[in-house]
Amino acid sequence: MALKGMSLICLLFIATSVISISHAQNPLAFRRKHLTLLDTIDHNRCNSEMRNKRIAMTRDGCKKLNTFIHAREEVIDATCTMGKVHVIKGQEYKKSISKFRVTNCRLSGEYPNDCEYMAEKSTWKYIVISCDQNNRPVHFAGTLNW
């Protein structure tokens, strides 16, 4: 009987782990959504990047905001190993040790099956990300000025 109880607890733990893993992004999705090697992103480029990278449409309609980080993959990856711990609402993230140039693409209009975006002026900010067990970025949490 105790063995059945332990089996049930183990099964519940495994199911919970799988559910929480499935909600996390993976490094490929992070790169697709947030990395760019483009020097600049203007309004036209914002729209094309959001569409071409399949970021614009979500289950709930148009994505309201997406941030692109102008940097190479390995430079951003270094935040996972060398970044400072930054806590937001009890969750640990990594804050970059140097600033990155970032561009926000903000939703300016939502139309049936179409989303229009405006590029905000690129700025230099620290990035805050979460990383997987292999020290690869998987979630963009935001930016900081300090």
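**View 1. The hairpin of strand 7 and strand 8, with N113 at its turn region.** In this hairpin two residues lie between the strands, and N113 has a positive phi near 60°. The strands here are DSSP runs (E, at least two residues), numbered from the N terminus. Strand 8 covers residues 114-119 and runs antiparallel to strand 7, with six bridges joining the two; strands count as paired if DSSP finds at least two bridges between them. Look for R106, whose bridge partner in strand 8 is M118.

**About the model.** Please keep in mind that this is a predicted model, in which local features need pLDDT of at least 70 and side-chain atom pairs count only at pLDDT 80 or more, while totals for chains, interfaces and linings use all residues. Residues are numbered from 1 along each chain as its sequence is written, and side-chain values use heavy atoms, leaving out hydrogens and water.

**View 2. Strand 7 and its pairing with strand 4 and strand 9.** Strand 4 (residues 65-70) pairs with strand 7 in the antiparallel sense over five bridges. Here T67 has N104 of strand 7 as its bridge partner. Strand 9 (residues 123-131) also pairs antiparallel with strand 7, over three bridges. In that pairing, F100 stands opposite K125 of strand 9.

**View 3. The surroundings of L107.** L107 belongs to strand 7, residues 100-111. Which residues does L107 contact, leaving aside its neighbours within four places in sequence? They are C62, K63, K64, C115, E116 and Y117, where contact means heavy atoms within 4.5 Å. The C-alpha atoms of L107 and L65 are separated by 6.1 Å, although the two residues are 42 residues apart along the chain.

Definitions and conventions: Helices (H or I, at least four residues) and strands (E, at least two) are DSSP runs, numbered from the N terminus.
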